Amino acid sequence: MGKAVIYYLILIILAVLSVGFFINKNMKYSDAYDSETINEIQVSSSMPMYEPGGYQSVYAVIPDGEDVNADQFKDDTYAVLLVDNEERVPIVSYNSLRRIYPASTTKLMTALVVCDALYAGQFGLEDEITITHDPNITEEGALKSEIKPGCTITVRNLLYGLLMKSYNDYAVILAELVAGDQASFCERMNQKAFEIGATGSHFANPHGLHDDNHYITAYDMYLILQEAEKYDIIREIDSYDSFSYTYTDAEGVICEDDITPTNMFLAGNRALPSNITINSWKTGTTELAGNILAMNVTIDDKEYSMFVADAVSPDDLYDKYGLLFNLTK
(Lines give C-alpha, C1' and ligand atoms only; values in the text may rest on other atoms or scores of the structure.)
Protein backbone atom coordinates (compact mmCIF):
# COMPACT_ATOMS: atom_id res chain seq x y z
CA MET A 1 0.00 0.00 0.00
CA GLY A 2 2.80 2.43 0.98
CA LYS A 3 4.68 1.84 -2.28
CA ALA A 4 1.52 2.45 -4.30
CA VAL A 5 0.93 5.80 -2.57
CA ILE A 6 4.52 6.87 -3.22
CA TYR A 7 4.20 5.80 -6.87
CA TYR A 8 1.06 7.87 -7.39
CA LEU A 9 2.61 10.89 -5.62
CA ILE A 10 5.59 10.72 -7.97
CA LEU A 11 3.24 10.63 -10.98
CA ILE A 12 1.33 13.64 -9.68
CA ILE A 13 4.55 15.62 -9.09
CA LEU A 14 5.81 14.80 -12.60
CA ALA A 15 2.50 15.87 -14.12
CA VAL A 16 2.58 19.22 -12.26
CA LEU A 17 6.17 19.86 -13.33
CA SER A 18 5.32 19.08 -16.97
CA VAL A 19 2.37 21.46 -16.99
CA GLY A 20 4.49 24.14 -15.33
CA PHE A 21 7.20 23.71 -17.95
CA PHE A 22 4.82 24.25 -20.86
CA ILE A 23 3.11 27.22 -19.20
CA ASN A 24 6.46 28.85 -18.57
CA LYS A 25 7.62 28.14 -22.12
CA ASN A 26 4.50 29.65 -23.65
CA MET A 27 4.49 32.70 -21.40
CA LYS A 28 8.15 33.67 -21.65
CA TYR A 29 7.66 36.38 -24.28
CA SER A 30 4.69 37.91 -22.52
CA ASP A 31 6.61 37.89 -19.24
CA ALA A 32 9.55 39.61 -20.91
CA TYR A 33 7.28 42.54 -21.72
CA ASP A 34 5.46 42.72 -18.40
CA SER A 35 5.76 46.28 -17.09
CA GLU A 36 6.38 44.96 -13.59
CA THR A 37 9.47 42.98 -14.61
CA ILE A 38 10.88 45.04 -17.46
CA ASN A 39 13.57 46.73 -15.37
CA GLU A 40 14.78 43.47 -13.87
CA ILE A 41 15.86 42.23 -17.30
CA GLN A 42 19.52 42.88 -18.04
CA VAL A 43 21.30 42.85 -21.37
CA SER A 44 23.24 39.60 -21.49
CA SER A 45 27.01 39.82 -21.87
CA SER A 46 26.68 36.97 -24.35
CA MET A 47 24.74 39.12 -26.84
CA PRO A 48 26.58 40.12 -30.03
CA MET A 49 29.34 42.65 -29.53
CA TYR A 50 29.74 45.44 -32.05
CA GLU A 51 33.42 46.09 -32.66
CA PRO A 52 34.52 49.37 -34.28
CA GLY A 53 35.68 48.77 -37.82
CA GLY A 54 34.37 48.19 -41.32
CA TYR A 55 30.82 49.37 -41.96
CA GLN A 56 30.12 50.01 -38.30
CA SER A 57 33.06 52.36 -37.84
CA VAL A 58 31.13 55.19 -39.52
CA TYR A 59 28.34 54.99 -36.92
CA ALA A 60 28.09 55.16 -33.16
CA VAL A 61 29.18 52.00 -31.36
CA ILE A 62 27.14 51.26 -28.25
CA PRO A 63 29.08 49.45 -25.50
CA ASP A 64 27.44 46.14 -24.57
CA GLY A 65 24.98 46.69 -21.74
CA GLU A 66 26.17 50.21 -20.94
CA ASP A 67 23.44 52.76 -20.15
CA VAL A 68 23.96 56.44 -20.88
CA ASN A 69 21.72 59.12 -19.28
CA ALA A 70 19.01 56.47 -18.89
CA ASP A 71 17.46 57.36 -15.51
CA GLN A 72 14.44 59.22 -16.96
CA PHE A 73 13.54 56.21 -19.11
CA LYS A 74 14.07 53.12 -16.97
CA ASP A 75 10.66 53.01 -15.28
CA ASP A 76 8.40 52.67 -18.30
CA THR A 77 10.32 52.09 -21.52
CA TYR A 78 11.76 48.97 -23.12
CA ALA A 79 14.59 50.72 -24.95
CA VAL A 80 15.73 54.25 -25.81
CA LEU A 81 18.52 55.55 -28.01
CA LEU A 82 19.53 59.11 -28.92
CA VAL A 83 22.63 59.49 -31.07
CA ASP A 84 24.51 62.62 -32.13
CA ASN A 85 25.19 61.70 -35.75
CA GLU A 86 27.89 64.31 -36.23
CA GLU A 87 29.94 63.32 -33.19
CA ARG A 88 28.81 59.65 -33.60
CA VAL A 89 28.22 59.20 -29.89
CA PRO A 90 25.14 58.21 -27.87
CA ILE A 91 23.55 60.96 -25.77
CA VAL A 92 21.03 58.49 -24.31
CA SER A 93 21.26 54.72 -24.40
CA TYR A 94 18.99 52.36 -22.49
CA ASN A 95 18.68 48.65 -23.33
CA SER A 96 19.98 49.55 -26.79
CA LEU A 97 21.27 46.03 -27.47
CA ARG A 98 18.30 44.25 -25.96
CA ARG A 99 16.11 42.25 -28.33
CA ILE A 100 12.63 43.74 -28.52
CA TYR A 101 9.63 43.39 -30.81
CA PRO A 102 9.70 46.03 -33.58
CA ALA A 103 6.00 46.12 -34.60
CA SER A 104 5.60 48.24 -37.75
CA THR A 105 9.05 49.78 -37.58
CA THR A 106 9.75 46.52 -39.43
CA LYS A 107 8.33 48.22 -42.53
CA LEU A 108 11.37 50.46 -42.78
CA MET A 109 13.49 47.36 -43.43
CA THR A 110 10.79 46.12 -45.81
CA ALA A 111 11.10 49.40 -47.73
CA LEU A 112 14.90 49.06 -47.94
CA VAL A 113 14.61 45.63 -49.57
CA VAL A 114 11.88 46.83 -51.94
CA CYS A 115 13.99 49.86 -52.91
CA ASP A 116 17.02 47.65 -53.58
CA ALA A 117 14.89 45.67 -56.05
CA LEU A 118 13.53 48.94 -57.49
CA TYR A 119 16.99 50.44 -58.01
CA ALA A 120 18.21 47.16 -59.51
CA GLY A 121 15.58 47.55 -62.22
CA GLN A 122 13.31 44.68 -61.18
CA PHE A 123 10.34 47.07 -61.56
CA GLY A 124 9.62 50.80 -61.69
CA LEU A 125 7.80 53.15 -59.34
CA GLU A 126 5.01 53.67 -61.86
CA ASP A 127 4.60 49.98 -62.68
CA GLU A 128 1.04 48.84 -62.00
CA ILE A 129 0.47 45.77 -59.85
CA THR A 130 -2.79 43.80 -59.97
CA ILE A 131 -3.76 42.19 -56.68
CA THR A 132 -4.37 38.49 -57.29
CA HIS A 133 -5.36 37.32 -53.79
CA ASP A 134 -6.22 38.51 -50.30
CA PRO A 135 -3.02 39.27 -48.33
CA ASN A 136 -4.78 37.64 -45.36
CA ILE A 137 -4.13 40.11 -42.56
CA THR A 138 -6.28 38.70 -39.77
CA GLU A 139 -4.70 39.94 -36.52
CA GLU A 140 -7.23 41.95 -34.51
CA GLY A 141 -6.63 45.69 -34.80
CA ALA A 142 -4.06 45.34 -37.59
CA LEU A 143 -4.26 48.25 -40.01
CA LYS A 144 -5.02 47.37 -43.62
CA SER A 145 -6.23 49.18 -46.72
CA GLU A 146 -9.49 48.84 -48.65
CA ILE A 147 -7.73 47.24 -51.58
CA LYS A 148 -9.16 43.91 -52.80
CA PRO A 149 -8.19 41.16 -55.29
CA GLY A 150 -8.60 42.50 -58.82
CA CYS A 151 -7.50 46.04 -57.88
CA THR A 152 -4.57 47.64 -59.68
CA ILE A 153 -2.12 50.00 -57.94
CA THR A 154 1.34 51.43 -58.65
CA VAL A 155 4.50 50.49 -56.78
CA ARG A 156 4.88 54.14 -55.76
CA ASN A 157 1.47 54.20 -54.08
CA LEU A 158 2.13 50.89 -52.35
CA LEU A 159 5.29 52.39 -50.86
CA TYR A 160 3.44 55.49 -49.69
CA GLY A 161 0.76 53.38 -48.05
CA LEU A 162 3.41 51.14 -46.49
CA LEU A 163 5.50 53.88 -44.89
CA MET A 164 3.04 56.71 -44.26
CA LYS A 165 -0.08 54.81 -43.25
CA SER A 166 1.59 51.53 -42.27
CA TYR A 167 -0.81 49.30 -44.20
CA ASN A 168 0.05 45.71 -43.33
CA ASP A 169 -1.45 44.28 -46.51
CA TYR A 170 0.83 46.54 -48.60
CA ALA A 171 3.83 44.95 -46.87
CA VAL A 172 2.66 41.52 -48.04
CA ILE A 173 1.90 42.72 -51.58
CA LEU A 174 5.35 44.31 -51.93
CA ALA A 175 7.12 41.30 -50.42
CA GLU A 176 5.45 38.97 -52.91
CA LEU A 177 6.24 41.36 -55.76
CA VAL A 178 9.94 41.36 -54.90
CA ALA A 179 10.55 37.76 -53.89
CA GLY A 180 7.49 35.72 -54.86
CA ASP A 181 6.51 34.85 -51.30
CA GLN A 182 6.94 36.23 -47.79
CA ALA A 183 9.45 33.61 -46.62
CA SER A 184 11.84 34.38 -49.49
CA PHE A 185 11.42 38.10 -48.88
CA CYS A 186 12.27 37.66 -45.19
CA GLU A 187 15.50 35.94 -46.23
CA ARG A 188 16.35 39.12 -48.11
CA MET A 189 15.43 41.23 -45.08
CA ASN A 190 17.75 39.23 -42.85
CA GLN A 191 20.52 39.35 -45.44
CA LYS A 192 20.12 43.14 -45.70
CA ALA A 193 20.24 43.44 -41.92
CA PHE A 194 23.47 41.44 -41.87
CA GLU A 195 24.98 43.61 -44.61
CA ILE A 196 24.39 46.84 -42.69
CA GLY A 197 25.61 45.40 -39.38
CA ALA A 198 22.19 44.95 -37.76
CA THR A 199 23.15 41.52 -36.47
CA GLY A 200 20.96 41.60 -33.34
CA SER A 201 17.77 41.43 -35.44
CA HIS A 202 15.72 38.71 -37.05
CA PHE A 203 12.76 39.28 -39.37
CA ALA A 204 10.04 36.64 -39.75
CA ASN A 205 7.51 38.72 -41.73
CA PRO A 206 7.45 41.96 -43.77
CA HIS A 207 4.91 43.87 -41.64
CA GLY A 208 5.88 43.45 -37.98
CA LEU A 209 2.72 41.84 -36.63
CA HIS A 210 3.70 39.69 -33.68
CA ASP A 211 5.92 36.66 -34.11
CA ASP A 212 8.07 35.35 -31.26
CA ASN A 213 10.99 34.99 -33.65
CA HIS A 214 10.72 38.52 -35.04
CA TYR A 215 12.83 41.07 -33.18
CA ILE A 216 15.26 43.98 -33.41
CA THR A 217 17.45 46.04 -31.10
CA ALA A 218 17.34 49.82 -30.76
CA TYR A 219 20.90 49.94 -32.09
CA ASP A 220 19.94 47.91 -35.15
CA MET A 221 17.03 50.27 -35.87
CA TYR A 222 19.51 53.13 -35.64
CA LEU A 223 21.57 51.40 -38.36
CA ILE A 224 18.44 50.84 -40.45
CA LEU A 225 17.60 54.55 -40.16
CA GLN A 226 21.05 55.47 -41.44
CA GLU A 227 20.60 53.13 -44.40
CA ALA A 228 17.17 54.63 -45.16
CA GLU A 229 18.78 58.04 -45.66
CA LYS A 230 20.41 56.70 -48.84
CA TYR A 231 17.08 56.20 -50.66
CA ASP A 232 15.52 59.26 -52.29
CA ILE A 233 12.02 57.74 -52.42
CA ILE A 234 12.03 56.95 -48.67
CA ARG A 235 13.12 60.47 -47.78
CA GLU A 236 10.45 61.83 -50.13
CA ILE A 237 7.67 59.76 -48.55
CA ASP A 238 8.80 60.57 -45.03
CA SER A 239 8.61 64.32 -45.70
CA TYR A 240 4.85 64.34 -46.40
CA ASP A 241 2.17 65.30 -43.86
CA SER A 242 -0.62 64.04 -46.17
CA PHE A 243 -0.91 62.21 -49.45
CA SER A 244 -3.73 61.32 -51.85
CA TYR A 245 -3.47 58.57 -54.40
CA THR A 246 -5.72 56.45 -56.57
CA TYR A 247 -6.02 52.81 -57.57
CA THR A 248 -8.43 50.97 -59.84
CA ASP A 249 -10.84 48.32 -58.57
CA ALA A 250 -11.72 45.07 -60.34
CA GLU A 251 -14.52 46.82 -62.30
CA GLY A 252 -12.20 49.58 -63.52
CA VAL A 253 -13.57 52.19 -61.11
CA ILE A 254 -10.98 54.68 -59.85
CA CYS A 255 -10.78 54.70 -56.03
CA GLU A 256 -9.09 57.38 -53.95
CA ASP A 257 -7.27 57.02 -50.65
CA ASP A 258 -6.34 60.10 -48.60
CA ILE A 259 -3.72 59.11 -46.05
CA THR A 260 -2.02 60.88 -43.17
CA PRO A 261 1.16 59.78 -41.38
CA THR A 262 1.03 57.56 -38.32
CA ASN A 263 3.73 59.87 -36.94
CA MET A 264 1.78 62.28 -34.71
CA PHE A 265 4.35 65.05 -35.20
CA LEU A 266 3.75 65.06 -38.96
CA ALA A 267 0.01 64.44 -38.67
CA GLY A 268 -0.27 67.54 -36.48
CA ASN A 269 -1.52 65.74 -33.36
CA ARG A 270 1.60 66.70 -31.43
CA ALA A 271 3.48 69.99 -31.76
CA LEU A 272 6.95 69.76 -33.26
CA PRO A 273 9.36 72.54 -32.24
CA SER A 274 10.07 74.89 -35.14
CA ASN A 275 13.81 74.19 -35.07
CA ILE A 276 13.29 70.44 -35.73
CA THR A 277 12.94 68.79 -39.14
CA ILE A 278 12.03 65.12 -39.49
CA ASN A 279 14.08 63.36 -42.17
CA SER A 280 13.11 59.68 -41.99
CA TRP A 281 10.92 57.81 -39.54
CA LYS A 282 8.68 54.86 -38.76
CA THR A 283 6.15 54.15 -36.04
CA GLY A 284 5.05 50.81 -34.63
CA THR A 285 2.46 49.54 -32.16
CA THR A 286 1.44 46.11 -30.94
CA GLU A 287 0.37 44.88 -27.53
CA LEU A 288 3.72 43.21 -26.85
CA ALA A 289 5.96 45.76 -28.59
CA GLY A 290 4.35 48.77 -26.96
CA ASN A 291 4.48 52.12 -28.76
CA ILE A 292 7.54 52.74 -30.91
CA LEU A 293 8.90 55.65 -32.91
CA ALA A 294 12.24 55.72 -34.76
CA MET A 295 13.35 58.98 -36.37
CA ASN A 296 16.26 60.76 -38.00
CA VAL A 297 15.91 64.47 -37.32
CA THR A 298 17.72 67.74 -37.87
CA ILE A 299 17.78 70.08 -34.84
CA ASP A 300 19.34 73.50 -35.39
CA ASP A 301 21.23 72.16 -38.43
CA LYS A 302 22.61 69.17 -36.52
CA GLU A 303 21.67 65.54 -37.26
CA TYR A 304 20.36 63.10 -34.64
CA SER A 305 18.86 59.61 -34.57
CA MET A 306 16.16 58.79 -32.02
CA PHE A 307 14.41 55.60 -30.96
CA VAL A 308 11.89 55.00 -28.17
CA ALA A 309 9.98 51.81 -27.39
CA ASP A 310 7.49 52.94 -24.76
CA ALA A 311 5.47 50.65 -22.49
CA VAL A 312 2.66 53.00 -21.52
CA SER A 313 0.78 54.82 -24.30
CA PRO A 314 1.18 56.85 -27.49
CA ASP A 315 0.99 60.07 -25.46
CA ASP A 316 3.76 58.88 -23.17
CA LEU A 317 5.84 57.95 -26.23
CA TYR A 318 5.69 61.50 -27.57
CA ASP A 319 6.37 62.92 -24.11
CA LYS A 320 9.56 60.84 -24.10
CA TYR A 321 10.48 62.44 -27.40
CA GLY A 322 10.10 65.82 -25.73
CA LEU A 323 12.70 64.72 -23.18
CA LEU A 324 15.03 63.60 -25.96
CA PHE A 325 14.62 66.89 -27.83
CA ASN A 326 15.63 68.74 -24.66
CA LEU A 327 18.67 66.52 -24.15
CA THR A 328 20.10 67.57 -27.52
CA LYS A 329 20.62 71.09 -26.24
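Reader: How many cavities of 30 Å³ or more does a search of the whole structure find?
Author: This is a predicted model: local features need pLDDT of at least 70, side-chain atom pairs count only at pLDDT 80 or more, and totals for chains, interfaces and linings use all residues. Residues are numbered from 1 along each chain as its sequence is written, and side-chain values use heavy atoms, without hydrogens and water. A cavity is a set of points, on a 1 Å grid over the protein atoms alone, where a 1.4 Å probe fits but cannot get out. The number of cavities of 30 Å³ or more found is one.

Reader: How much space lies in the largest cavity?
Author: Grid points are joined across faces, edges and corners, and a volume is the space filled by probe spheres set on the points. For the largest cavity, the volume is about 30 Å³.

Reader: Which residues line the largest cavity?
Author: Lining residues have an atom within 4 Å of a point. By class, this lining has four nonpolar, four polar and one charged (Ala, Val, Leu, Ile, Met, Phe, Trp, Tyr, Cys and Pro count as nonpolar, Asp, Glu, Lys and Arg as charged, the others, Gly among them, as polar). The residues are Y101, P102, A103, G208, L209, H210, D211, H214 and T286.

Reader: Which element gives the most to the lining of the largest pocket?
Author: A pocket is an open set of points with protein on both sides within 12 Å along at least five of seven lines. The largest one holds about 450 Å³ of space. Of its 26 lining residues, S104, G141, G284, T285 and T286 are the closest to its centre. With four residues, the element that gives the most is β7.

Reader: How are α2 and α4 oriented, roughly parallel or roughly antiparallel?
Author: Helices are DSSP runs of H or I with at least four residues, strands are E runs of at least two, and both are numbered from the N terminus. Axes are lines fitted to C-alpha atoms, for helices over the stretch in contact, and angles run from 0 to 180 degrees between N-to-C directions. The axes of α2 (residues 106-119) and α4 (residues 168-179) come within 10 Å and cross at roughly 30°. Angles under 35 degrees count as roughly parallel, over 145 as roughly antiparallel, 65 to 115 as roughly perpendicular and the rest as oblique, so α2 and α4 are roughly parallel.

Reader: Which residues of α4 make the contact with α2?
Author: Contact means heavy atoms within 4.5 Å. From α2 come K107, V114 and A117. From α4 come N168, A171, L174 and V178.

Reader: What is the orientation of α2 to α3?
Author: α2 and α3 (residues 155-165) pack at an angle of about 160°, with their axes 9 Å apart. That makes the pair roughly antiparallel.

Reader: Which residues of α3 touch α2 in their contact?
Author: On the α2 side are K107, L108, T110, A111 and V114. On the α3 side are L159, L162 and L163.

Reader: What is the orientation of α4 and α5 to each other?
Author: α4 and α5 (residues 182-195) have axes 8 Å apart, at an angle of about 85°. The two helices are therefore roughly perpendicular.

Reader: Where is D300 found?
Author: D300 has a positive phi of about 50° although it is not a glycine. D300 is in the loop between β8 and β9 (302-310).
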